[in-house]
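Subject: Structure handover

Hello,

Here is the structure you asked for. My notes on its aromatic residues and one surface patch follow below.

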Amino acid sequence: MSKYSRTKLLPKGLQIIQGVVRGKTFEITSASYSESKTNENDVMNQGSIVNPIGHIPIFAKDDKSLADQGILGIELSFTQESTRLNRDINLQSIQIEGRQNGTNVSYPIAFSLAEEPERLTLSDPSFEFRIMVYVQVGDTDNVTININPDGLESRREHQQDIDEIINALSVGYVPIALKDSKGNQLLGHDGKQLFANKPIVDFDPTLSVRGKAPDSKQVGDNFRALEDEVLDIERDLRETFETKKKVKDVNNLALANADANKDQDNEIAILQNRASELEANRQTIHLLGHDWKGISGHTSDSFKATRQFIANDTTLTNSNAFANAKATGDAIKQNYQQLSQAIGIIYAWLDNLGNQQEIVDLTNMVLALRDQISDNSSRSQEAFVDFNNTVLALKNSVEITSAESQSNNLDALHEPGRYYLGNAKGYSDAVLEVARLGYTNKVMQYIYSARNDPNRTERRIGTRNNGNSYSWSEWQSEY
């Protein structure tokens, strides 16, 4: 099975897409292909695929599924007619061309390389290979696609056929034209053709013909009749045997009560004693020797000991023990005090940061947490950890990383963020911002002065090679 890499923008394509982001429009005109094996670096350096052998029209488009991400789908159809080739080839690379509106020159804008190439059997006139290529275009409303009208019409007819099949399956029949014995079409009094509805499946209402589908209504009627029969039988059984069972149960209960009354007073005394022991969580036991006889002292008094029904654990570490109430209260109180102190520190820090909306929102969340702590002390430690992480993330988002040691080596700063460089590239108190460009392997550096003197700005694009190595374009005042 063939497999192709994700579509990547060529340098000219990136320039055109940046124009789209600023409101310009452009048209995707066609596609070309090659049977020469190549790699990504060669294509990027050359600005197009290697040795294209022909152009192919665009068959259809997908401007719905990924439009919210600024991505358009372009469907291509490789046939003997569309390629005008009469020999078999391996499809190694595909290239999409486009042009800005108002110009007559189309440029390669994006490409995809084969990881496992499709073998195009173009010597067979009936062979067809379709592929959908997705391209990042920024604003899909500013992009048009030149579609081959012949391919679009055949797709409509294909969809119409599918709709007719789906409709026939949903209603259970297909319309059949009525003809006479000579094969002539029968017409009604209004001159229109006459049709009859033929069921798709021949159902058997008798449920007796082998190989035919059973009629649904007949099956349902049979099951409903069987259900009524079972309910009648179940009702008769209940009325017949339930009365006998009740009489037998009452008789057995009377006999059991008569036997129980003999020892009732003794049983009540034993239950009262057990209740007292459970209430005190303590039971007195007699110590026995190896001969299972009681052990006595020199005064002939038997040795006794006490045991707890439920182990009382003051360490709060035993999973099968009963937690000591005082130890539990002390632990909750200590955690509450630590959390209250931490929240007070956070609140004081947030109060000094000003009226930024993010700080105001977080302050309100902290106040709400403080009000809830007294109602749910057992979750206070977990809540404090969550809010501490939130505060650290907010603090990092407003800081600028110091990178003065890299002021003469800006190529090394390719991770997204903001960096303070001191004096760099002619700027005083220079700040460098780095951002990744969408779903591509490129980043953009943007440098400017943070002082009050004229704020010159420059930008450049970096393309990832291998690992953290980037190839950089020239610094420009704008794109």
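K12 sits over the face of Y107, 4.5 Å from the ring centre. A charge counts as over a ring if NZ of Lys or CZ of Arg is within 6 Å of the ring centre and within 35 degrees of the ring normal. R460 is placed likewise over the face of W472, at 4.2 Å from the ring centre.

The model is predicted, so local features need pLDDT of at least 70 and side-chain atom pairs pLDDT 80 or more, while totals for chains, interfaces and linings use all residues. Residues are numbered from 1 along each chain as its sequence is written, and side-chain values use heavy atoms, leaving out hydrogens and water.

Rings of Phe, Tyr and Trp (its six-membered ring) pair if their centres lie within 6.5 Å; planes under 30 degrees apart are stacked, over 60 edge-to-face, and the rest tilted. The count by this rule is 4 aromatic pairs. Y446 and Y448 form a tilted pair, because their ring centres are 5.3 Å apart and their planes are at 45°. Y448 is buried (under 20% relative accessible area, with exposed over 50% and partly exposed in between; 1.4 Å probe, protein chains only), at 13%. Y446, at 21%, is partly exposed. Ring pairs also link Y33, F78 and F129 into a cluster.

Which strands does the loop holding F303 lie between? They are β15 (283-286) and β16 (304-307); strands are DSSP runs of E, at least two residues, numbered from the N terminus. F303 is partly exposed, with 41% relative accessibility.

Regards

Note on methods
Helix = DSSP H or I, 4+ residues; strand = E, 2+ residues; numbered from the N terminus.
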